[in-house]
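My entries follow in the order in which I looked things up.

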Amino acid sequence: MAPPDNDVLWARSLHCTLGGTDVLTGVSLGVREGEILALVGPRGSGKTTLMRCLSGQTVAQQGEVWFNSSPLHTLGTAQRERVRRERFGWIDPEPGLVPELTGWENAALPLLLRGISHRTAKAGALEWLDRLDIGAAARRRPHTLNHSQRQRIAIARALVTTPTVLFADEPTATLHRADGAQVLRTLTAAARSHRITVLLATHDPEVAALADRSVALLDGRRVGSVPPATGAEGVTACSLSV
Ligand SMILES: Nc1ncnc2c1ncn2[C@@H]1O[C@H](COP(=O)(O)OP(=O)(O)OP(=O)(O)O)[C@@H](O)[C@H]1O
């Protein structure tokens with residue numbers, strides 16, 4: 001079955017077992033282009049695993065994942081990796097920077113690995129670092145920065161390629177509340193202005209309120225969705241099914 005035309009990502013009946021545990025048991029969803037979708041649920045509910053399946057890092061034992069017109073579930077490893085590298089961005093709760101590189105070099109890494117010139121990659125990285133209020137850390141190495149600064153660099157690294165879809169796994173969970181809220185506002189504003197689709201895994205309702213729509217998971221199943229938060233930019237028609 002082919003996905004609806006207006007969904008950038010579409011998954012049907014995902015069943016994923018890891019280490020003998022049924023982690024996802026029949027999850028389906030569609031995500032529209034430019035939409036910010038929160039995946040909400042308590043710890044262990046399957047949010048990370050679902051994002052891994054949607055981003056092609058993990059292939060579920062059953063079910064389909066489509067990215068535009070590409071069936072990620074049937075692509076070979078090399079093709080799937082290429083889609084991931086070229087079209088997706090990923091933010092983890094921990095920054096995971098390369099310690100030997102400076103702030104801008106870390107942020108520019110995805111561009112440099114694509115063979116983009118040093119000058120262009122640096123300009124792109126500096127632009128995102130400024131936007132995330134971390135321009136002053138461009139020449140510093142990670143060990144001289146605090147956690148919040150390092151996480152902002154990791155976010156710049158995920159945005160620097162202007163991915164089609166950004167997967168953000170509890171991106172501000174390890175930041176102080178006010179700091180995290182500011183980073184999230186910057187992240188969502190940047191995504192909206194560049195039409196980047198965002199999947200935002202979180203267990204925090206305040207974080208989910210920044211999204212256009214929420215999908216709730218519990219024990220690896222969809223358990224319903226929350227209406228759009230008041231004031232969210234309008235994505236009204238979305239295809240969702242369980
Ligand atoms: N590689 C693995 N092997 C075995 N079990 C796993 C593996 N990865 C995840 N799990 C289990 O799958 C369940 C869902 O984990 P997952 O990380 O997807 O949930 P989550 O909602 O993102 O939780 P958290 O907020 O803690 O990251 C958990 O019970 C977890 O222990």
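Helices (H or I, at least four residues) and strands (E, at least two) are DSSP runs, numbered from the N terminus. I also kept in mind that this is a predicted model, in which local features need pLDDT of at least 70 and side-chain atom pairs count only at pLDDT 80 or more, whereas totals for chains, interfaces and linings use all residues. Residues are numbered from 1 along each chain as its sequence is written.

Entry on the sheet. I traced an open sheet of four strands in the order β2-β1-β4-β5, with antiparallel pairing. Its edge strands are β2 and β5 (70-71), each of which pairs on one side only. Between strand β1 (residues 7-18) and strand β4 (residues 62-67), which run antiparallel, I found five bridges. Among the partners, Leu 9 is bridged to Phe 67 in β4, and Arg 12 has Glu 64 of β4 as its bridge partner. β1 and β2 also pair in the antiparallel sense, over nine bridges, and here Leu 18 stands opposite Thr 21 in β2. The hairpin of β1 and β2 has two residues between the strands, and in it Gly 19 takes a positive phi near 55°.

I took axes as lines fitted to C-alpha atoms, for helices over the stretch in contact, with angles running from 0 to 180 degrees between N-to-C directions. α1 lies across β1, β2 and β4, running at about 120° to β1.

Entry on the helix packing. How do α3 and α5 pack? Helix α3 (residues 103-113) and helix α5 (residues 147-159) pack at an angle of about 30°, with their axes 7 Å apart. That makes α3 roughly parallel to α5, since angles under 35 degrees count as roughly parallel, over 145 as roughly antiparallel, 65 to 115 as roughly perpendicular and the rest as oblique. With contact taken as C-beta atoms, placed from the backbone, within 7 Å, I listed Gly 103, Asn 106, Ala 107, Leu 109 and Pro 110 in α3 as meeting Ile 153, Ala 156 and Arg 157 in α5. The residues of this contact divide into five nonpolar, two polar and one charged.

I then turned to helix α4 (residues 118-131), which packs with α5 at an angle of about 130°, the axes being 9 Å apart. That makes α4 oblique to α5. Ala 125, Trp 128 and Leu 129 in α4 meet Ile 153, Ala 156 and Leu 159 in α5, and by class this contact has six nonpolar, no polar and no charged residues.

Last, I noted that the axes of α3 and α4 come within 8 Å and cross at roughly 125°. That makes α3 oblique to α4. The residues that make the contact include Trp 104 and Leu 111 of α3 and Lys 122 and Leu 126 of α4, and by class the contact has 10 nonpolar, two polar and one charged residues.

Conventions
Two residues are in contact if their C-beta atoms, placed from the backbone, lie within 7 Å. Ala, Val, Leu, Ile, Met, Phe, Trp, Tyr, Cys and Pro count as nonpolar, Asp, Glu, Lys and Arg as charged, and the others, Gly among them, as polar. Two strands pair if DSSP finds at least two bridges between them.
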